[in-house]
Amino acid sequence: MIRKKFNIWPYLLIAPALLIVTFVVFLPVIEAIFMSFQQYDLRRPDQIAYIGFMNFAEMFSDPVFWQALKNTVIWVVFGVGLQFVFGFLLALLLNQQFKGRGVVRAVSLIPWATPGVLIGLMWKWIYDGSYGVLNDLLMKLGLIDQPIIFLSQTSTAFGSVIVTIIWQGIPFFAIMILAGLQAISTEMYEAADIDGATRLQKLWRITIPSLKNVIFITILLRVIWVANSVDIIHNMTGGGPSYSTQTLSVYIFNKATVLDLGYSSSMALFLMLMLAIVAIPYLRNSFKER
Amino acid sequence: MVKQKSLLQKTLLLYLPLVAIMLFLLFPFYWTFITSIKPESELYGSVVTYWPENITFTAYQKLFGEFNFLLPMFNSFSVATITTIVTLTVSTLAAYAFTRFEFLGKKIFMGLFLTNNMFPNVLLLIPLFAIMRSLNLLYTPISLVIAYATFTIPFSVWMLTGYLKDLPSSLEEAAMIDGANRAKAFVKVILPVLMPSIIATGVYIFIQSWNEYTFAVLFTNEETRTIPVTLKNLIGQLGVQWDLLTAGGIITIIPVCIIFFFAQRKLIEGMTAGSVKG
């Protein structure tokens, strides 16, 4: 066999993308690791110095950090979990035949394409305690007597922002799962019909097993995305009242905007490690496939 | 034999739940729009109206007149356009290499692009802020273009690799046998066929850059502010002037909607291809 001649072309072709990504992703990650071991507060630039694990020690004794960590888990579990449930439902509906299906499918994706700031603004107005439409609807239906200040009290604020992230994520799930549904061959369902399978049996025995891959990848992508999202919470509540809606990424962002870069880097590093644990099965999978 | 479903069955199992979900998904947009055309008296009255009794466009006039909404629109537009062009160029080249060549380290390089999606924005934000500051790029549009490459390049490489895989290599091989070199074959044969996919990817990049908020807050100032940051500042400045805020929101979403509908079919195809096959 002739040994293949070394070809420089593929390397030249990936070089520009690789260079940019190295500059904007890999170097910053390394820089962030260094910063997490420093006192790096741009409000006190003369005091920047290496302080070992002090940032991490501060982090683990910071009650706000623990609250944010707990909130992140709730945010991701309920946010992504219910996005999945409703997204799945919408996909099943869109997979049926009806007039105008293409238009409905396209329109249903708009929340996904909407900027987070606008999402925060729209829902903040819907939830408004004095003139909000949600209070008006609930009162008209006789479910409440007094308007609720949804975003300003700790008992309702977090639930309200979670509803918003669910709203934002339903379309993405629906579209991904719909594509998976359309890839299942109809023969399987026909065979099941001949055997007299019920609707539920078909869903449980054919549909869900065939969608395993799609569901797995979509959930992973959404977990990473939702855990990292800042703009919706930041614009609805800013993390308040009394930290009840503050997730880790919002806390990191708030610390970074007041220029305490060392401390926020160490928390961001912690967040990345947590997500890496979640993402390892996904990466292993993609390496095998490609 | 196909069983004909009764209308009642179809209503209960399809139309009713579909209408319920679509109402939930679309109502916020409806509410935002009618708020923006309500006169103030109706906004803060004791009765909530579900369609304005008097329609007014003063909020939009004020937004462009008093608040100079055109500047941030222009900023957002230029940042998103430059990001799209740069990202598409480098990503198409890389995706071509990944699908048409076998080379040492290919898997590792592909893995590098994939792992990119894992890094939290907030993690990159902090060192990038420090780097931009030391390069004197802070508060310039360039800093945003560079920052947006962190999430647009990995995603575009992934999407374009998927599209290119579906194009048989026999396409350009035939042209190369006819004497065209690889570059010429790419431009003459691949590019025209790939164009719809490139446009769809471009739409994705454009929307993401247009919407981005966390980097934009830290990397822009009065002059270079983009739309989402302006909207956020408006919330801070105006507090409860919801007619102006919602009008700003409607202006923000219109360009996104237009280009999204323009490319949605191809975009959905590209987004879902990787996960369905993989």
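How many residues of chain A are in contact with chain B? In this predicted model, 81 residues of chain A contact 79 residues of chain B. Helix α1 of chain A, residues 9-36, supplies the largest share of the side of chain A that touches chain B, contributing 17 residues. Sorted by class, that side of chain A comprises 61 nonpolar, 15 polar and 5 charged residues.

Within chain B, attention may turn to a pair of helices. Helix α4 (residues 70-100) of chain B packs against helix α9 (residues 182-211) of chain B at an angle of about 140°, and their axes are 9 Å apart. Angles over 145 degrees would count as roughly antiparallel and those from 65 to 115 as roughly perpendicular; α4(B) and α9(B) are therefore oblique to each other. The crossing of α4(B) with α9(B) is right-handed.

On the α4(B) side, the contact is formed by Ser76(B), Val79(B), Ala80(B), Thr83(B), Thr84(B), Thr87(B), Leu88(B), Thr92(B) and Tyr96(B). Facing them from α9(B) are Phe186(B), Ile198(B), Thr201(B), Gly202(B), Ile205(B), Phe206(B), Ser209(B) and Trp210(B). An α-helix has 3.6 residues a turn, so residues three or four places apart point the same way. The residues of this contact between α4(B) and α9(B) comprise 9 nonpolar, 8 polar and no charged.

Helix α9(B) is itself not straight: it bends by about 55° at Leu191(B), and a proline, Pro192(B), follows within four residues. The end C-alpha atoms of α9(B) span only 37 Å, whereas a straight helix of 30 residues would span 44 Å at 1.5 Å a residue.

Notes
Residues are numbered from 1 along each chain as its sequence is written. Chains are lettered from A and ligands numbered from 1 in the order in which they are written. This is a predicted model: local features need pLDDT of at least 70, side-chain atom pairs count only at pLDDT 80 or more; totals for chains, interfaces and linings use all residues. Axes are lines fitted to C-alpha atoms, for helices over the stretch in contact, and angles run from 0 to 180 degrees between N-to-C directions. Helices (H or I, at least four residues) and strands (E, at least two) are DSSP runs, numbered from the N terminus. Angles under 35 degrees count as roughly parallel, over 145 as roughly antiparallel, 65 to 115 as roughly perpendicular and the rest as oblique. A crossing is left-handed if the near helix is turned anticlockwise from the far one by less than a right angle, and right-handed if clockwise. Two residues are in contact if their C-beta atoms, placed from the backbone, lie within 7 Å. Ala, Val, Leu, Ile, Met, Phe, Trp, Tyr, Cys and Pro count as nonpolar, Asp, Glu, Lys and Arg as charged, and the others, Gly among them, as polar. The expected span of a helix is 1.5 Å times one less than its number of residues. The bend at a residue is the angle between axes fitted to the seven residues ending there and the seven starting there.
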